Amino acid sequence: MLERGLGAIVLVPEIALTPQTVGRFRVRFGERIAVLHSGLTEAERRDERVRIASGEARVVIGARSAVFAPVHGLGLICVDEEHDASYKQESDPRYDARTVAVKRAVLEGAVAVFGSATPRPESWRGLERLELGGRLSGPLPPVRVVDLRREAGYPLSAPLLEALGAIVERGGKAILLLNRRGVAPALHCRACGTTPRCPNCDVALVLHPQALRCHHCGHHEPAPEVCTVCGSADLVRIGAGTQRLERELELKLPGLERIRLDADAAARPGALSAALGRFAAADRVVLVGTQMVAKGHHFPGVSLAAVIDADTGLGMPDFRAEERTFQLLTQLAGRSGRDAPGRVLVQSFQPDARAIRFAARHDVAGFLEGELERRRVLGYPPFGHLVRILVSGPEPEPPVRALTELRDALGDLGGELLGPAPVLRLRGRYRAQLVAKTEHPRRLAARSAQLLAAAAPAMRRAGLAVVVDVDPQ
Ligand SMILES: [Zn+2]
Ligand SMILES: [Zn+2]
């Protein structure tokens, strides 16, 4: 495209997590690139935009919002890791950069290329497909599924301990994925059954070393010594988080250096790249973290990648739960063995789950075939659109009432209307949602907006807020 005098935009999921990507572009294209991401100051952003608009920078690399970069003579838009959920903005304006990329390519006569080892069902069905046969760096690593129902050790099963022990002996690196921060996802009183919950949100408080914390609103309180309801001292920790896993590793494999990578560890600026740098340089080392560790980093010498608890994601009340689990497992497996004879361990209490079986065989086409069939039967994307209307307020009843009125007013315009149903309370706000499965999302969203505008003064008086989200993620 540069040879033809045209420009390009390359979208990547989260630029802070993938400094290597930008480095590679800089090496290849030097001063012709511009980088746009949320970490820039207002002045830096303006400077980059001037360089792009003037034609000085012909290749723009950036996160989601770079899809709007003022490139003249646009020839190409690439969306790297197109399955990544961060391409959808979850605040207003709720656009999906992938939808915008396709529309912009059509309007400006450019080509859109989406790339992924684990494409979304929407893309698999909707886009022309070009396949890269095999990997540049050799075959995919073998995956072993460890059945946790037959294993005593959790979070570290015997096969996993053995594989980590081999690294202590012979050297190498391991990546362990556990998608839960903190020490334990919850405390539980064995005497009365109480689990400490957030006073503002309908979720259990997560145990951290110093306190109980809410992962939604940030509320924190000291972890109690005894049950606050019945006074019993018989409090148990349910499940494991990244910090407990780190401690177990310290106890059982003291010869292994541990580096933790999660939102807590990466909170300080520079901490993330420092951790990644240490991991790249070290030997006999294990990187422990949440899904951050599965995201597009390239490390030489990773001989083991393991998923501590593949069931975490499968239990989510979301029709994309299987898709996301499959993607996460497959992406992590791709981290192992890029340069080393790697292997992958997946620990699970439900080893026969579809997402786990297909991920263990690296069978992307097989998984997507079954997933598309399921979506077709249920009328989920890509076989229809979803429109989600969410109302929140200070009392439990008014959001449900407002959505019931909206549903009745929409009548059969909406296709299939599900709800209203109450959803988790968040930051002290009661919430309810109405979900439409429809072939005509634009018509439905427009009609909803009209009805909601008419009801706006009354809703404002009642302290209600509303969000209409087309194709929610
Ligand atoms: Zn109790
Ligand atoms: Zn909370």
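Arg129 lies over the face of Trp124, 3.6 Å from the centre of the ring. A charge is taken to sit over a ring if NZ of Lys or CZ of Arg is within 6 Å of the ring centre and within 35 degrees of the ring normal. Arg28 is placed over the face of Phe29 in a like manner, at 5.2 Å from the ring centre. The model is a predicted one, in which local features need pLDDT of at least 70 and side-chain atom pairs count only at pLDDT 80 or more, while totals for chains, interfaces and linings use all residues. Residues are numbered from 1 along each chain as its sequence is written, chains are lettered from A and ligands numbered from 1 in the order in which they are written, and side-chain values use heavy atoms, with hydrogens and water left out.

A search of the whole structure gives six aromatic pairs; rings of Phe, Tyr and Trp (its six-membered ring) pair if their centres lie within 6.5 Å, and planes under 30 degrees apart count as stacked, over 60 as edge-to-face and the rest as tilted. Tyr154 and Phe349 make a tilted pair, with 6.2 Å from centre to centre and 45° between the planes. This pair links distant parts of the chain, 195 residues apart: Tyr154 belongs to the loop between β6 (143–147) and α5 (158–170), and Phe349 to the loop between β16 (343–348) and α10 (354–360). Helices (H or I, at least four residues) and strands (E, at least two) are DSSP runs, numbered from the N terminus.

Are Phe319 and Tyr380 buried or exposed? These two rings are stacked, at 4.2 Å centre to centre and 0° between the planes. Their pair, too, joins distant parts of the chain, 61 residues apart, with Phe319 in the loop between α8 (311–314) and α9 (321–335) and Tyr380 in the loop between α11 (364–378) and β17. Both Phe319 and Tyr380 are buried, where buried means under 20% relative accessible area, exposed over 50% and partly exposed in between (1.4 Å probe, protein chains only). Elsewhere, ring pairs link Phe326, Phe358 and Phe367 into a cluster.

The strand β17 (residues 385–393) is mostly covered, with seven of its nine residues buried. Two strands pair if DSSP finds at least two bridges between them. Nine bridges connect β17 with β19 (residues 429–438), and the two run antiparallel; here Gly393 stands opposite Tyr430. Strand β17 also pairs with β20 (residues 465–470) in the antiparallel sense, over six bridges, and Arg388 has Asp469 in β20 as its bridge partner.
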